Structure formats: structure tokens, C-alpha cells
Amino acid sequence: MQVNDTNKEFRPLIVAFCCNWCSYAGADLAGSSRLSYPADVKIIRVPCSCRVNPMFILRAFQRGADGVIIAGCHPGDCHYTSGNYFARRRMTLLFSMLDYLGIERERTRVEWISAAEGAKFSATMNEFAETISRLGENRRLEDLRCKE
Amino acid sequence: MTVNEKELAERVIEISGVNTRKCMKCGKCSGTCPSYDEMEYHPHQFVSMVEKGQIKKLMESKSLWTCLSCFACIERCPRSVEPAKLIEAVRLCVIRQQGANHMKACSVPDSIDENMPQQAIVSAFRKYSK
Amino acid sequence: MQRINDDVLNKCRDLIENGTCDRVLAWEEGEFCYDVTPAVFTGDTLGKMIYDDFCAANQSKYLIDESHKEGRIAALLKPCDTYSFNQLLKENRIKRENVYVLGVPCDGKIDAEKARGLGIKGILGAEIDGDTVAFETIYGKKTCSKKDVLHEKCLSCKGKKHMIFDELTDPEKEPETAVPENGTSRFDGVSKLENMTAEERFRFWRGELSRCIRCNACRNVCPACSCRQCVFDNPASGVSSKANTNDFEENLYHIIRAFHVAGRCTDCGECTRVCPENIPLHLLNRKFIKDINELYGEYQAGYDTALDAPLTSYTKQDAEPGIVHERGVR
Amino acid sequence: MQRIGVFVCWCGSNIAGTVDVEKVASSVAGEPGVVFTTNYQYMCSEGGQGMIRRAIKEHGLTGIVVCSCSPRMHEATFRKTAQAAGLNPYMVEIANIREQCSWIHKDKDEGTEKAVILAKAAIAKLNLNKPLTAGESNVTKRALVIGGGIAGIQTALDIADAGYEVDIVEKSPTIGGRMAQLDKTFPTLDCAACILTPKMVDAAASDKINLYTYSEVEAVSGFVGNFKVKIKKKPRYVNSELCSGCGVCTEKCPSRKAPNEFNMGLNNRGAIYIPFAQAIPNVPVIDPEQCIKLKTGKCGLCEKNCTAKAIDFTQKEEIIEREYGAIVAATGYRPISLENFDEFGYAHNKDVITSLELERLMNAAGPTKGVLLRPSDGEHPHEIVFIQCVGSRDTSGCGKPYCSKICCMYTAKHAMMIRDKYPDTKVHVFYIDVRTPGKNFDEFYRRAVEEYGVDYIKGMVGKVAEKDGKLLVQGSDLISNEQVHIEADLVVLAAAIEPDPSVRNIATMLTASIDTNNFLTEAHPKLRPVESPTAGVFLSGVCQGPKDIPETVAQASAAAAKVIGLLSKDKLTGNPCVAHSDELLCNGCSQCACVCPYGAIDYIDKEVNDHGKREVRRIASVNEAVCQGCGACTVTCPSGAMDLKGFTTRQIMAEVDAICR
Amino acid sequence: MTYSYYPGCTLKTKAKDLDRYARLSAEALGVTLEEIEDWQCCGAVYPMALDEIATKLSAVRALDSAKRSGRDLLTLCSACHHVIKRVNNDMLTNDDIRLKANNYLKLDSVYAGETKVVHYLEMLRDTVGFDKIRAAVKNPLKGRRIAAYYGCLLLRPAGVMQFDNPENPTILEDFIKAIGAEPVITPYRNECCGGYTVLEDKKIAERRSGMVIGSAAAKGADTVITACPLCLYNLEANAHGEGAPVVKYFTELLAEALGVK
């Protein structure tokens, strides 16, 4: 008999959308400073946080992500002047809606991380991965995904 | 600041609705105040003393009873701090205490004359007693 | 019972005869008296036109196509329809010059299904009279309280004032301001859900949305869902799907649909009215409206076309998305 | 189907230490489209690049994925490599397996597993890449400067000096702006006219600079490198070609009721006037509101007295259309109206004046010939009170929330000059803070105190009341904790400054954004301070924020440098990763335009062929030269008509799918 | 035009002139003042503390009474106007005060600041119009030099009172011109007269009012007008000596000019 999978430690799948100008650079800085964070975090580069379509987030959940984080320039510092302000409104409303549908609010997050904040990037990802690990597999969305 | 004083300070902030942190310490309220020379602590000091929680000193001060409620400090403050509301709040902290009315009903007949309008008597009562 | 007010009919006839318009957008009767559908009439067919207390549909969406045809169409718009009309004008979807808006008064519209639920069957006609509704049925006359048979959307009526019109059929009835019928209770349904636990909310929505058969009625009736091609119909979008392959799909569909109309939805309530599965879809839209009102200031789509829409504007002091977390478990 | 090559870099041991590079290469070999995989010690080295070039040719690759360091490091390098081998440079994707993988993970299995996923995501994206070409546009080698103050003049002079044509549009009859009204300048006290007027003359004399005075910008269209501007030239009623500038007309004019703007209304001027002696052009202008001839048809004294026959009452407004490659806004400022500050008695007391009025009273060419006299009775004032921050740092709604920046210094200047010229005069300055950051600024202020004995009082004035010809100033002295009462002869208010109101309209025309205080917004507050977010539009002087003269001139030259850099190009190459609207899907709803920070989206009526149905539709059209590629529009678009090249919705979703697989 | 009229206590006792002449003049100008029933004392000072609800209720009752009659509420005494206007603003903008006040009062329908509070002077300016008054004047007060004294309560805080420019008001000067006299502007027209502190210490009022009167006298005013009984009391008490102006309610001069005194 094979050992049941449940004995294996749960490793969450986390998708991080990072804006090219601040947060992606912040992730690079975390890397060059050797500030580690779990390999569960996979980064997708977007030009600006305002490029993140709610569909991308839902798609990630649909395909099995356990947490989604969007990282952008701090308000006021957007490379495109206003992109993160629009993203902030969109994501606030979307997260509120997900919460309203009963999906754990901790599974989605927005953080403002500048290119100089490598330490913040790493700390944020560690903390987020820990939160998601604690929440465990995305059962609720699993239901939505109609997994067996 | 004693525990009691901290509570008092919070109370003053709460009932006045004033955000003392908006003050930029320009002193225009005190430059404006018509009753400045009657006061021990002046309008700008009310703001900083409430911020520091020094309510008891203010409660014991005669400044409370010489504010004319003319609202000039409120009108001219460039930061919308509203010092007069703080003075009123500290005044209330005093007169809401048992037997701490600044003006007693029995003392009134001496101070009025035949021309004095009701408005003055009612106002003074509202300001000086509970 | 009379199916159209003489004044309204005569007005439409005048508009066609004096050349102002060549068509009228109103309703026509179907098999049953309550089975009414929006329809376009010309001078010859005006006789079939009706407008009575069953005519609930939001007419504004039809004007996207109608206003791009030749000639000018007169449209019978209820007060709530004018919000959608305005919103569509703001989005440049309607050619204003090709529409003659005839504002018709409305006392709320009757949901025959609700009446049947009360045991009023075989309906031949109905008329609102103050706070009651008088039904004529094959079993005789019946009356009931108005609020019991009004459409869901009418229970949170935004008011009886037309936001835009070329002419009112009954100017006497037009109030000076739009006063919501039930004041603040419009968001009660949303608040009730918000006050549940996440688990309860999840069960609630699972129960509701799992009934979705993806008939697209909500989308087809929605004046804000008027894209030339819906992303869900576009294979190139990467999210298109006709039928549900798994339970997630209808969640995705309804969330994205609500998101796409957020800030543009006038809360006309048509989505819920037409849903064959009686899913309370308006609760999704109203959640966005409630959040927008609370976070970014009161905003009513279609009220004033000059105002910035909440999702295409911002302030530097906007709340952070974390506010959703900070509001705590409800 | 793409033919993709995957190149895994070791980066020495930087990557290979934690990531099994061979395993990465072999794991992705079966991915869709992948026809070639390899790994190499240093992909960015000449050897590595050569390997890529050869593989592209040998295997007929249509795109490459390089698994290496951050794209912020070498994306440009590998794009050039691909281009050298005949590929479109945008058929390159980078999987960041160094900064975001090998450097932060210690476990080799973990690192390798993640590297494989990142590579797969890059491959999935690349499968949907399309060759992109950056659009090119021409550059009209001519610049427009809006505003002829010191900022506009300096910008124009620098642009002209680099050999480019430049036009200045100035709404008043002369260039010179606010600086021309000033008497002396801090911190050196040299006379404003002495340093400004030579620049004005230079501008007028330059064959590269063309002045449109008494003119306004009426409409702007086009985009960076290709602006089309309509300029409205108001009628002067004086023929500039014929006029000799003798000034006889201005003396003969019988109308004397108009307040003299240049002297801040402290005296009157005629209906025909030259704003000041050194005005450029030195041609009078007739104020149609005041001119008796233009109003009643009678008079014409100026015409009769003009020997040059330059007066022309038939002049009409003219519209000039010109093309420009770059536009500089230099619209300047004005002092705020003091109607909300009548506790200081400005409305009723002639001897309560603003600092700018004091400049005129101190100026040798001013209404009192430079002798400081009270406006009310022409007497020498013996006690003067200055009040700082009148309307600055005011969040009550009466004034402005910001610091006007220049008042501390000019007040120190005024106080010092008065004490210098009239040592028997007492000078008090009520201040909240004295702000003197700047070279030699604090020293300057301290001189006013220490050498000239100016009385600085920390506190604010609450009331100024007139009594028997004196001004009773009641204020607080916070240091001595007393209310002070000063009987002054003159009170000078340091009124806050605000952007000239013309800026609102100009900002709209330029699609340049303004902040809540009507200052023009810069493209980046630190790194692009002289550019507006709209490409090709630059900012010079106080229109961007309060500034003194040295800062204004510095920014003016910086704006000029940016303009010169732009005009020096023959073609502008855009960023190919720009938004694009699918004309068949577009609803024409305008929502995308609302979120575009660059005004890059226009709406056009275009005939489209929708599956055989031909009709004219209102659709969004992205100006690729203006779009910067943020993608805000793509999310706002409900139909998905708007997409972003290089970061398309499908590409990002493919990455999501690859990661979540 | 008909207004609900709130006279206030002082106008029924010591300031009968203010009231009487206002009524006579209003009638002459075709304005009907309908005194609201059962009004109670406004309390004379506006309670600034956010937790003071009971002391605001009499003002709310008056406001609600006007709302029920469907009319604007007209006030005359500066103190009443100040209190009622500010309480109304609270009812309109402060959710907490509105809720508590309504809970106390249990009115037929919730009162939420619907009534418009109009001062007699605002009525003269905005409804009747000073031009019309000028035309209605039978005995223009030619040659009279009148200083307007605004005091504090009508003007401040301007954000709520919305009466006039708080530092440079013009309404009383325009009024003075309309009745044919010449306005004299004194810098102390909006500075406090000493107010209620007179009950405790007459010296403050002496100094403050003395300054007002002195300044008016120095500028050659023969009369000072006011809309506030307490200001009138303080000013009058300190208007002595040669050349001191007389202090009058503005309504008395209006009645005089309209020929109804």
C-alpha cells in the first residue's frame, strides 16, 4: 500500500503579480540580498498593478492557486502616475466581493513594495505563505473547482 | 499624566470633537482673542495643553470663565482647530461635577439690573452652571 | 381593464403624426395579460401598444440598436429606466438625437408569479390602486396588498422622478426630487449576508449559484451588459465557455459580470427579475454599490452623466484593499 | 506553431549552485513549441550569445526563452542577440531563475522544481508572442513655450541657443512676467530689472525666437513631436510694424480710469498704454474696455497724435495655426485674492497692502518713484508690520494648504531694504516659521535680524483695525506669551501664491493633469520633475509648484534640455508594448479614456466590417506614440477590446495556467 | 410670503422694540410673520459639546414646527438665530445628534434638518430685496450716519451661519443705504461686545463695548444699530459721554423709514 498523500506536508501554491517598476525590482533586490522566501511563491511580471485583471486572479484560483498577491508601487509613486490608484479601487472591491461570497479574505492581498524594499518583499512573501499554509488548501475554492 | 488625567483628556477630545494635532502652532487664535488679557492660559495653550493632557490645570484656571464664546478663534484658525470648543469642553468637565457650578442661582439677583436682557441671564447660566 | 392610458396612446399617435418620430418603443401583450414584452410599433400597429402595471422591463437597452436605425423613435421610459438611459448616453451607446424620451409615470410593477404565490390565479388583468392591487381573474375579483406582489426591484424603487426626458405624459405626477421608496432598506439584503459567517455566506452562494444554468438571461437583459461581444462568448478571451465545465465557472461568470458592471449598474434589478432560477443576482451588484457608496462616496449610476464613475476615478486617500480584512469577521 | 529554443544559464555557480540546470533544460523539452534546449555557463557572454544566434539559425527558431537573471538585467541584451540573428526582438522571454529562484532557495530540488515552472510559464507566454515593431513618428523641430515670464524666457533662450525655433505665447502685452514687477531679488539684492531685461532683449533679438505677445493658446491637438496649436492673437489696435514706440499716444490719451495692472492697481493708466518702460515689444496696446473711441466712436486723440500712423482701430482678432514638436507650460502664478482674510483689513484700508504692491512702492519705476510712501496719505511710514502666511498653509478652506515658499525670503528682503533705506522705521515681522532652505538664504534672513534689527515675532496677527489713521495690529507673541498691540503705519501681507488661473484651460488642452491646487503634475515627483505625464509636454516654473527665481531658472533650463533632447531626434521610436483596441469588440464607451493618464486614447468614427456588416462606429483609437503601456485601460474595458501588446490578457493567463498546472 | 416666526424670550420682555418694529415693518413690506405655537427658549447659547443633546431640543422643536407648516423659520434675535441655525446644521450633518434628538423627541416623522432658517435681515436682502425696501421707504433717514454692529453670533462660524463674509460683511451697510442713511464702517463691527460675562464682571464688557462705541464715535456715527439684545445692552451701557452715538435695533430704524413707527 502506498502512504496516503495526506501525510505529506501541505505546500501552498501562491501567485504573485508584480509591477515591473517597483515590486518586481523589489523582488530582484530581495534575491540579490539573498533574503529567502518560500519557493511556493511564483511571480508574474506585469507592467503595472493596474494591468491585473480580476479575471487573472479568479483564473489562478480556478486552476489551483491557494493564494494570490498583487504587489505594486506605493500610492503616489506609480511609474504611470495613477495606475496603482485604479488598481487599489478595483482590488478593494474585488476582495470585498470574494469575502462576500464566503471565500477566505486572507487568500487575496495587495501590498505596495518599492524597488528598495527587498526586505519588505521577502518578509511579505514569508508572512503571506505562512498565512496560506495555515489556512490550508483552498477547500472553499476547491468546492468551487468541483474537485473530488 | 495620571490615569485620571488621561481619561479627562480623552473626554475633552471626545465631547469637543477637536483634533488638536491639526494645530500648527501659529498662535492666530491668541492673536485674535478679545479676552486674552483676562486669561491665564490662552487659546493656543488650551490646544497644546489638551494635547499634552494637562486638563486639571485648565480646569482650575479662570480662563474658562472669561472666554466670550465669540468664535473668533474658530473663524480665523487657518487649520480649523476650533479652540473655543476645547474651552467649552473643559468648562463642562468642571460644571458637570457635583456642586461645582461656577455661578449659583442665589448670586444672580445682585448682578442684574433692570435693563439686562433675559438672553444674558440664560446665557450665563448655561455657560457657568449645570 | 384598460391596458394603456388614452393620454399616453394619443401622445404617441401625435408624435408619429406630426413627424417627430416614426416608431414607438413600448410593450405588447403575449398569451396572457401579464406576459408582456417590449416591442416597437409604427403608426399602423399602434393599436396593439400597451403600457400598464405589468410592464416592468427596462426599455433603455433596446435603444442602443433602435437609436442607430434611421428615423427617430419615441421610447416610453419609466423613471428607473431613465437612469440606465442616462448611463448609456454617458457611454455613448445611444444616439440621443434619434430618441424621443417620453417619460411615463410608474407606481411599481406587478409580479404575476408573486400573485400566483398568494393564490391569485387565472389572472385576466390587474391595476394598482393606492396600496392595494385589484386583480380580475377567471374566478372573479381579488385584491391584495401592493407590496406583496411588486417585483423585487420595485421594492427598492429609486424614486418617481425621471432623470431625463423630452416630454412627460403626466407632468402633474412628476415629483421635484427623486425620493427612494424605502429609504435605506435597499441594502438590507446585502447587510444580512455581510453579517453571516464566511461559511454561511459560502453555503448561501453555493446554493444560489449552483442553480445557474448559464441561460444568459441576466446578461441579455442587463443594460450595462451591452458589449458588442461578451468576453464569455469570445474564444480569444481565454475565458469563454458556453456551458459549465465545473462549478467554478458560474462563480467566475457572475463575479466578472458584476465586476464589469460595477460603477455602471444603475440597480435596475432586471437581472433578478428575469432569472428563471430566481437567483438573487441583484445582491451581487448591490454589494458593489454598497461598497462604492461606503468607500468612495454615494454614487448612483445614471443620475448625473457629468460625474466621474467610481472605477474610472480615484482619490489619493482611498482606502487600502486591506480594509476588507480589517472590517473583521462578520 | 512557434519553434522555441530554451537557453538555461548557469551564471557560473550563481544559478547552477542551487538549480539543476540540465534538469531544467530537459524538463521543458517536451513543452509545446519547444524544439531546442541547452544550458551554458554564461549566456550573456559572447560565447553564450553566439550559441543563441547559431541555434536560432540552425533550428529555425521563432522565439527564445532564456532562463537566467532578472529581465531587468539582460532582457535588452538578449533582445539584441535575437535581433542579430534575424528574430524580432520581442520574441524573447526571460525566466528569472536567479534573483527570484536560485538566490533565495537553498534546497536544490526545490530550486530546480521552481525554475522548471518559471521556464514553463515563459514558454507558455512566448507561444502567444507576436513580433512587435515600434511605431515611428516625425518630429516637428519647433517648440512652443506658453508664458513669457522668466521661466518661459529662459526655456526659450536655451532652446534657441541649441539651434531650434521656439515661439513664446504670452497673454499680456509684454513678456517679463512677475519678475518684471519686482524691485530687488534675494539673496543678493540685485535689481530684478537689471538681470531680467537683458534676457527679454535677447529673446526679442534672437532670430530663433518668435514672440506672440497679447496672444493666447486657443486649441491643441496632436501628440509628442506633432502638436498642432491654434494661437489667438488679440488686436492691439496698434500696428507693430509702424509703431516707433515714442509713447506720445500714451500721454495724450484722455482716459485715465483703468487701474495699472503692472503697478498692482496702485495708480491708473491710460486706455492706450505700454505696461512699463522696458516692455517688449515696446508697442502700446489699446484696452478696448477703456478706449473712448472704441466705445463711443468719438476721441481718436492717439490716432491724431501718432506721426507713424500706427494706430489702427480696425484690427481684428487673428488665429494663427502652427505645428510644434514639444510644448512647455510656463504659466506662472499670481497672489491669491484676499477677500477671505479681511480680519487684516485689506478691503477697507489703503495702508494694508500685499508684498507685491510693496515691491511696486519700493521700485524706482513704480508709482512713488521708489520712495516708500503710504498709499493713503503719501506720508512716510514709521512703523511697519509684515504678516506672513496669509492664506498659505491654510486648510480651513479660506486659503491654500501648501507653503508658498517664497514669502519668508522676500519678507526678509523687504524688511532689510526698508531698514537700510529708512533706518528710523521700525519693522516687525509676524511669522509662524521662518523657512530658509537654499544657498545663502538663512544667512540672508539672519542679516535682517542681526544687522538690520528687524523685529521677528513668533506668532500670528488676529486683527488689524484702523484708528485715527493708524493701523492697530493685534497679534500673539508666543515666545513672550502675550498679546501684542502695535500701532503701525503700514501693514504688508505675504499673500499666498496660486497658479495663474489660465493653467486650468491650458492643462485641459494639453491633457496635462493638475493637482487639487491647480499646479501642473509632473511625470514623476523625483525622477521626472520637469516633464508632464503627457509625452512632449514639459513644465517650467511656478506652474508646477511654488519656486523662487533661481529654482525657476534651473527648472526652465532643465525643461529646455528635455525639449532639445526631443527635438534633436529625427524620428521618435515608440515603445511597442502599447495598448491596442480591437475595433470589432470596442463599444466606444469611453471608459478607457477616463483611466488613461496620458490622454493617448481618442475616439474616431470608423467604418468597420463586422462579419460582413458594414457600419460606421465610434471606436477607441490608441495613439501609439503617446501610450506608455501601463494597461489601465485593458482592465477597464468590459468587452476585452482593449489589450496590451507584449502583456496580452491571453499571455498573462497562459502564465497563470502554466504556474498553476 | 409667509414665514414661521420664532421671536424668543428676550423679544417678549426686554427687547420688545426689536420685535414690535420688525412686525410692523414686515407687514408694511408684505411679509407675514406667523409666530409658531408653544415655542420654548432656545437656550441662548449654542451647546458646542457633541454630547449635549437635551439643550438642543427646544431648537429642534421649533424647527420641526416650521417643517410641519411647510415654511421657512424666521428669526430675529442674533442669539436665537445662532442657536437654531447651528442646531439645524447638526440635525442635517451629524448622524449621532440627529439620531439621539429624534429618539428623545419622538416626533411624528424624523426631523433631519429640512427647515430653512432665515434671519430677518436675510429675508430683507434675499426675499424682499434692498431695492424694494428703498422704494418703500417713506421717510428716508437722510443725513444720518449709522454704524452697523454685527457682533459675533450672526457671522461666526461662517461655514455654518452662511450669513455674510465674516470679516467684511455688507448686509447691514446695504440695509443702512436702503433706508436712506449713510453707513459708517468701523473695524470693530464684528468684534465681541463682552457678551454674557457682564453678569460676572462688567469690566470686560466695558472695555470691549467701549472700543466699539469709541470707534463709531471717532468715525462720526450718530447711531449704532444691532440685531442683538445683549449687544444693545452692553453697548448702551457704555455709550456715554459727549458725541457718543445712540444704540438702536435695526428694526426700529426700518420702521421709522417705512413710516410705520
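What follows is a short chat about this model.

Modeller: Ground rules. This is a predicted model: local features need pLDDT of at least 70, side-chain atom pairs count only at pLDDT 80 or more, and totals for chains, interfaces and linings use all residues. Residues are numbered from 1 along each chain as its sequence is written, while chains are lettered from A and ligands numbered from 1 in the order in which they are written.

Biologist: Which domains is chain E divided into?

Modeller: Domain 1 (2-120) and domain 2 (139-258). The bounds come from an automatic or database domain assignment.

Biologist: How many Å apart do their C-alpha centres lie?

Modeller: 24 Å in chain E.

Biologist: And how many residues are in contact there?

Modeller: 20 residues of domain 1 of chain E are in contact with 16 of domain 2 of chain E. Contact means C-beta atoms, placed from the backbone, within 7 Å. On the domain 1 side, α2 (16-28) and α4 (78-93) of chain E are the elements giving two or more residues. Helices (H or I, at least four residues) and strands (E, at least two) are DSSP runs, numbered from the N terminus. That side of domain 1 of chain E divides into 9 nonpolar, 7 polar and 4 charged residues. Nonpolar covers Ala, Val, Leu, Ile, Met, Phe, Trp, Tyr, Cys and Pro; charged covers Asp, Glu, Lys and Arg; the others, Gly among them, are polar.

Biologist: Switching to strands. Which way do the residues of β7 of chain E point?

Modeller: In β7 (residues 223-226) of chain E, E:T223 and E:I225 point one way and E:V224 and E:T226 the other way. All are buried, meaning 20 or more other C-beta atoms, placed from the backbone, lie within 10 Å of the residue's own.

Biologist: Which strands does β7(E) pair with?

Modeller: β5 (residues 145-148) of chain E, parallel, over 3 bridges. β8 (residues 246-249) of chain E, also parallel, over 4 bridges. Pairing needs at least two DSSP bridges. E:A147 stands opposite E:V224, and E:T223 has E:V246 as its bridge partner.

Biologist: Last topic, chains A and D. How many residues are in contact?

Modeller: 34 of chain A with 34 of chain D. On the chain A side, α1(A) gives the largest share, 6 residues. That side divides into 19 nonpolar, 8 polar and 7 charged.

Biologist: And chain D with chain C?

Modeller: 16 residues of chain D are in contact with 13 of chain C.

Note on methods: Contact = placed C-beta atoms within 7 Å. Buried ≥ 20, exposed ≤ 12 C-beta atoms within 10 Å, placed from the backbone.
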